Amino acid sequence: MTTIPTNPSPMEIDAEILPGYEEILTPEALQFIVKLEQKFGDRRLELLARREERQAQIDEGELPDFLPETAHIRKGEWTVAPLPMDLLDRRVEITGPAGDRKMVINALNSGARLFMADFEDANSPTWVNTVQGQINMKDAVRRNISYTSPENKKYMLNEKIAVLKIRPRGLHMEEKHILLDQKPVSASFVDFGLYFYHNVQALLANGTAPYFYLPKLESHLEARLWNDVFLFAQEELNIPRGTIRATVLIETIMAAFEMDEILYELREHSAGLNCGRWDYIFSYIKKLRNQPDVILPDRAQVTMTVPFMKAYTTLAVRTCHKRMAPCIGGMAAQIPVKNDPVKNEEALAKVRADKEREAYDGHDGTWVAHPGLVPVAMEVFNRLMREPNQIWYKREDVQVSAEHLLAVPAGEITEEGVRTNISVGIQYIEAWLRGSGAVPIRNLMEDAATAEISRAQVWQWIRHDKGVLSDGRKITIALVKQWTSEEMLLLKQELGEEKYQHSQFPLAGELFLRLVTEDTFEEFLTIPGYRYLA
Ligand SMILES: CC(=O)SCCNC(=O)CCNC(=O)[C@H](O)C(C)(C)COP(=O)(O)OP(=O)(O)OC[C@H]1O[C@@H](n2cnc3c(N)ncnc32)[C@H](O)[C@@H]1OP(=O)(O)O
Ligand SMILES: O=CC(=O)O
Ligand SMILES: [Mg+2]
């Protein structure tokens, strides 16, 4: 344990301080985190408790709806602050884990307009990834980042690079290695605070600013908390109000009912909204898990064109454009397929179709998971979006009600669908426990959000009366246990006995089974998972 002298009480670091970490974990930067924690820590916990209360009300039948008390905001005429120059054109944004130095350089060089360096879904929050992520950000902001691979390949920045944004971890996560009064501090405040503290001046000197993506918000009150954090941070470091800009991910069913309100709370700091489709599907299952009529078919059948997904994304576009804010699309799961040109072309065609749908729907840009997809998305947006954005396209034709947002999609549950969720869920958790937060599995990008869908679906199918396979068999705990053993055996055969024993598969399998068979539904798999993480 290393004690850092901060006021009014010292901070304790319960982890190794590796060479270079002292540049990030300075007493001044940690003092800034102490202030954030002291000023906003209780409010964060109250907001998390509010999520639980709201869940209890939903379980009692009080379904999500637009809030009567904020109708004046939805009806009012207001806009967000004008966008900074380097956020006007966001046609292609690449994302990737902040802790992976090579990927950070590749992403900045990828030709995408923006790069979102991720401390959330794509980043396994090991101590090393968390601090190395901050080192990578500090070096990237100063254009002083390089990397040499084990094969001696050298990486450095091109002349022209993407604009940087970061996504701190969600409000539900704590950073167990940094303790204040013996308690772990908020992971959101750590990721936001360290990045802001170390980089704001350098970013401003480079003609840009601290830009953020805010994940997993469930209400406009959570947006208000973030706005207050921004106001405080700017005041503390003497930075002009409104310098920070944040894009909120609409990736919970609750937030879909408060999009206007979220933009309103953050209007001085807003850079619009983004449709985080994977967490959105997870949230739909999670929040409505105890509703007798709500059940989803196989994950592969929950596409962007099913009515509830179409309703939410088009409402996001309409809401943003009314408020002069951009609405960014989301991530297709396909990634380039190596050594198989036919499969590769199929994957690219799926990404292309997804981006075309987004551009036609009115999105002002999109996300890609891989540098190989930048040209695909760029070509689509260059062809279909001739101006820097399409905020002018108001989408007043879009009429979305609560029923549309909650509509249950049709489809079937198959043995293959259940087995895929089991196998892919376990493979992802195994990689996450080893420190990899984004992994290619079966030629698709998997991250924490997609793994959440896999385990939430199995949990719900076991408990729901309609959790029945298309061939009539009821999905039960016994069946899931049997298929888990069989899928684990296949994984063991693929990997070989020795590698399997040295992997995290036994723990991942156990954790997955616990998540799907226990009556209590874990809010996020990363919370129990984090207890096992180095
Ligand atoms: C639900 C959500 O939140 S979506 C957003 C969060 N998810 C993400 O950010 C996922 C980002 N994507 C990735 O992490 C990766 O693309 C993966 C894990 C899916 C696949 O990675 P890999 O197996 O390394 O892919 P692959 O071998 O094809 O990589 C080829 C090259 O592209 C680079 N690369 C791949 N993806 C990225 C990326 N997102 N950013 C930068 N570089 C990348 C690799 O570093 C590699 O570089 P090299 O040739 O210099 O060695
Ligand atoms: O964060 C993005 C998502 O789809 O989830
Ligand atoms: Mg997400």
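**Ligand shells, strands and overall build**

Mentor: By class, the shell around ligand 2 holds four nonpolar, two polar and four charged residues. Keep in mind that this is a predicted model.

Trainee: Which element gives the most to the shell around ligand 2?
Mentor: The residues around ligand 2 include Arg 277, Trp 278, Asp 279, Gly 330 and Met 331. Two elements give two or more residues to this shell: α9 (277-287) and β13 (327-331). With three residues, the top contributor is α9.

Trainee: How do the residues of the shell around ligand 1 divide into nonpolar, polar and charged?
Mentor: Ligand 1 is surrounded by 24 residues, and Gly 96, Asn 106, Asp 121, Ala 122 and Ala 438 are the closest. Elements giving two or more residues here are β3, α3 and β15 (439-441). The division is 16 nonpolar, four polar and four charged.

Trainee: Is strand β3 largely enclosed or open?
Mentor: Look at residues 92-97, which form β3. A residue counts as buried if 20 or more other C-beta atoms lie within 10 Å of its own. Six of the six residues in β3 are buried, so the strand is largely enclosed.

Trainee: Which residue in β14 is the bridge partner of Val 92?
Mentor: Strand β14 covers residues 365-368. It runs parallel to β3, and three bridges join the two. The partner of Val 92 is Thr 366.

Trainee: What stands opposite Thr 95 in β4, and what is the hand of the crossover from β3 to β4?
Mentor: β3 also pairs with β4 (residues 114-118), in the parallel sense, over five bridges. Between the two strands the chain passes through helix α3 (residues 101-108). This β-α-β crossover is right-handed.

Trainee: Now β11. Which of its residues point the other way from Arg 245, Thr 247 and Leu 249?
Mentor: Side chains in a regular strand alternate between the two faces of the sheet. Six of the six residues of β11 (residues 245-250) are buried, so this strand is largely enclosed by the rest of the structure. Pointing the other way are Ala 246, Val 248 and Ile 250.

Trainee: Which residue stands opposite Thr 247?
Mentor: Look to β10 (residues 211-214), which runs parallel to β11 and is joined to it by four bridges. With helix α6 (residues 220-236), these strands make a right-handed β-α-β unit. Opposite Thr 247 stands Tyr 213.

Trainee: Which residue in β12 stands opposite Ala 246?
Mentor: β12 (residues 270-275) pairs with β11 in the parallel sense. Four bridges make this pairing. Opposite Ala 246 stands Ser 270.

Trainee: Step back. What is the radius of gyration of the protein?
Mentor: The protein has 19 helices and 16 strands. For 534 residues the globule rule gives 24 Å. The protein's value is close to that, so it is as compact as a globular protein of that length: 22 Å.

Trainee: What share of contacts between residues at least 6 apart in sequence join residues at least 24 apart?
Mentor: First, the setting: the C-alpha atoms fill a box of roughly 65 × 60 × 50 Å along the principal axes. Buried residues make up 50% of the 534. For the contacts you ask about, the share is 76%.

Methods: Residues are numbered from 1 along each chain as its sequence is written. Chains are lettered from A and ligands numbered from 1 in the order in which they are written. This is a predicted model: local features need pLDDT of at least 70, side-chain atom pairs count only at pLDDT 80 or more; totals for chains, interfaces and linings use all residues. A residue is buried if 20 or more other C-beta atoms lie within 10 Å of its own, exposed if 12 or fewer, and partly exposed in between; C-beta atoms are placed from the backbone. Two strands pair if DSSP finds at least two bridges between them. A crossover is right-handed if, with the strands pointing away from the viewer, the path from the first strand over the helix to the second runs clockwise. A residue is near a molecule or strand if its C-beta atom, placed from the backbone, lies within 6 Å of it. Ala, Val, Leu, Ile, Met, Phe, Trp, Tyr, Cys and Pro count as nonpolar, Asp, Glu, Lys and Arg as charged, and the others, Gly among them, as polar. The radius of gyration is taken over C-alpha atoms; the globule rule is 2.2 Å times the number of residues to the power 0.38. Two residues are in contact if their C-beta atoms, placed from the backbone, lie within 7 Å.
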